[in-house]
There are 2 protein chains.
Amino acid sequence: MKFICSKSELLHAVNIVAKAVPSKTTMSILECILIDTSTGTIKLTANDMELGIETIAKGEVIEKGIVALNAKIFSDIIRKLPDNNVTIESDENYATVITCEKAKFKISGKPGDDFSSLPYIEKSLSISLSQFTLKEIILQTIFSISDNDSNKLMTGELFEVKENTLRVASLDGHRISIRKVELKETYPECKVIIPGKTLSEVSKILSGGNEDQVKIFFTGNHVLFEFNETKVVSRLIEGEYFKIDQMLSSDYETKLVIHKKELLSCIDRALLLIKEGEKKPVIITITDGDMALKINSSLGTMNENIDIIKEGKDLIIGFNPKFLIDALRAIDNEEVTIFLMNPKAPCFIKDENESYIYLILPVNFNTAP
Amino acid sequence: MKFICSKSELLHAVNIVAKAVPSKTTMSILECILIDTSTGTIKLTANDMELGIETIAKGEVIEKGIVALNAKIFSDIIRKLPDNNVTIESDENYATVITCEKAKFKISGKPGDDFSSLPYIEKSLSISLSQFTLKEIILQTIFSISDNDSNKLMTGELFEVKENTLRVASLDGHRISIRKVELKETYPECKVIIPGKTLSEVSKILSGGNEDQVKIFFTGNHVLFEFNETKVVSRLIEGEYFKIDQMLSSDYETKLVIHKKELLSCIDRALLLIKEGEKKPVIITITDGDMALKINSSLGTMNENIDIIKEGKDLIIGFNPKFLIDALRAIDNEEVTIFLMNPKAPCFIKDENESYIYLILPVNFNTAP
């Protein structure tokens, strides 16, 4: 096998597929990137059996062939090469020589036979949206998945297509994050649970361009993201997702409008009084026109007042400050509206047409100082 | 005690003195920053008994007094405050309230009585140089001190004043780094060993301005750096420094001139074949007009050739690549001259007037592939 490719093009491709290389594995073939020029293009693939990524690097194929190279060494070498054309050549024993200007690396490779190719995806059911939108809605919801494997469903996100809307939701038992976007076309109904890891890696690879499209194909067991020269295939999480609609409510006793950045920096400041692992609520007292925030920890206390526009009852309620911060960071608007019921009921941060809904459960607190 | 100070000014001062707060200590008073307004200025001090730093923050003293505040909490709070005036007020029990706009923090403080003030430094012997120069020569030599405490002398740097030159040297048993700068005046002879930790912290605080001066005072046991509104006092390392002049030699059999950046990026690339903790030399073959570099590790091999201008004998010699990189990074020139004797003798990288000398011992290597 032999091909020539610019360093930047090759590095870009390596960085994309490297996201499917497992950081820990006992199977050394999974630590490899497969380079396949047998069809006349330079195709790179990595696959950790849950998540597989394939992309094409533009370049000139001189001799067709296949070789698997250790992803870490290969990407380290490419990264450090001068910014020029790179020639890669493997012999019949898969010994691979990487040449760029006067630098010449020699590393050993493996045959591609043991490498698991990506599963075949039947391209029947698909939706299309902009890369920018997909990246945004992933980042705006992924923080509230659970990293605890004991409930597998919580480690993924619900992708639900209904007519011309895509709804993405995640929850971890303390909060729910929901984003809804309008699609350009109407699609048949479809509901899948995509692993959080897959979405996180996809969000990193997406260019984020508003003009660039991504196509998502769904099958019973897999999802395929297709964009630019890249394909990301992932297994789905099996099972029935939580009935989130039953957890949502539009009743409220207190409604308030607050400047988002002011609230965010206030809670962010409060956070520094909380040592790692310590659980201290931020206690919020809502009266006419004013929100008073208070935090009390072993390190000291903090008080701050923020102007609000309020309708309905006064209320004292406690929250995990981190959950409020996560939700507020995911919202772009300058002002947010918060709906509250009572100190035991969840609060809702949402906009008028519910393009986002962030539900956060309150925590118990001691009113004693 | 009560004073008002802008957030940025206070944060700047806190960041300076925080460098003398030990990361680990059993004496909780050492974890504090002492704030002293008793003389009408806002003076902040930290002192880990080896290294002490004192600086003045500009602001308005409303009530004179002294309080010691935990450095970590205090600096975290100041960092997160809005960009506005900060009011700090301590009561007779040292409870301290920090107010900025609507945010109000309350933390507990300590009396300043247990705090060790900086030692008195007799200001008789001193030199002056630009902050830029001092910062440069520290960064250009400090990498070759030893972090092994078994030989205390190696953990410091020699500062040697002779007439109108300052010579700074460090060594770790495998290499020596020497920088010489001309001072504007002639000073009496003086030779001290300053702890590496002190120099590293001083280099971080120095503004690096060419116009800004720093004054260095030497006593038998201490050194004092005075610049802007800041004083850094440190103990010296006791003992007689190594006789470095005896280790230097101007004999050579091979002399070569090489493009520095080319050599540096080549060795930098070679380094990625070396796993952490693995010791593999870069083997350099010098012939007329050409330097061939080769590295051979469990991960693969690398070869690269670089054009050189060479005088004298051909030579094959091995080096720890990291030592070459450290020295080359510390040199600003586009081209460097390297002097070699034989495969067992140290190499010297130095300029014509020896404003810098980097000595590196070679390593043994196996010529077998």
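## How the two chains pair up

Me: In this predicted model, what makes strand S4 (residues 51-57) of chain B and strand S15 (residues 230-235) of chain B a pair?

Reply: Bridges. Two strands pair if DSSP finds at least two bridges between them. S4(B) and S15(B) have five, in the antiparallel sense. So by the cut-off of at least two bridges they count as paired. Within S15(B), Val233(B) is the bridge partner of Gly52(B).

Me: How do you know that strand S14 (residues 222-227) of chain B also pairs with S15(B)?

Reply: The rule is the one just used: at least two bridges. S14(B) and S15(B) are joined by six, and they run antiparallel. Glu226(B) has Lys231(B) as its bridge partner in S15(B). These two strands form a hairpin with two residues between them. There, Asn228(B) takes a positive phi near 45°.

Me: How many residues are in the contact, and how much area is buried?

Reply: Chain B gives 25 residues and chain A gives 25. Between them the chains bury about 2200 Å². Of that area, 57% is on carbon and sulfur atoms.

Me: What makes Lys80(A) and Asp268(B) a salt bridge?

Reply: The test is a Lys or Arg side-chain nitrogen within 4 Å of a carboxyl oxygen of Asp or Glu. For Lys80(A) and Asp268(B), N to O is 3.1 Å. That is within 4 Å, so the pair counts.

Me: How do you know that Asp307(B) and Lys102(A) qualify as well?

Reply: Their N to O distance is 3.3 Å. The limit is 4 Å, so this pair also passes. The pair crosses between chains. Asp307(B) sits in strand S19 of chain B, and Lys102(A) in the loop between strand S8 (95-100) and strand S9 (103-108) of chain A. The rule finds four salt bridges across the interface. Over all chains, the structure holds 41.

Me: Where on chain B does the side that touches chain A come from, and how many polar contacts link the two chains?

Reply: There are 10 residue pairs in polar contact between the chains, both residues at pLDDT 80 or more. Helix H2 (71-80), strand S9 (103-108), helix H5 (260-271) and strand S19 (300-312) of chain B each supply at least two residues of that side. S19(B) gives the largest share, eight residues. By class, the side has 12 nonpolar, four polar and nine charged residues.

Notes. Residues are numbered from 1 along each chain as its sequence is written. Chains are lettered from A and ligands numbered from 1 in the order in which they are written. This is a predicted model: local features need pLDDT of at least 70, side-chain atom pairs count only at pLDDT 80 or more; totals for chains, interfaces and linings use all residues. Side-chain values use heavy atoms; hydrogens and water are left out. Contact means heavy atoms within 4.5 Å. Buried area is the accessible area (1.4 Å probe) that two parts lose on being put together, summed over both. A polar contact is a pair of N or O atoms within 3.5 Å; within protein, one must be able to donate a hydrogen and the other to accept it, and residues adjacent in sequence count only if both atoms are side-chain atoms. Helices (H or I, at least four residues) and strands (E, at least two) are DSSP runs, numbered from the N terminus. Ala, Val, Leu, Ile, Met, Phe, Trp, Tyr, Cys and Pro count as nonpolar, Asp, Glu, Lys and Arg as charged, and the others, Gly among them, as polar.
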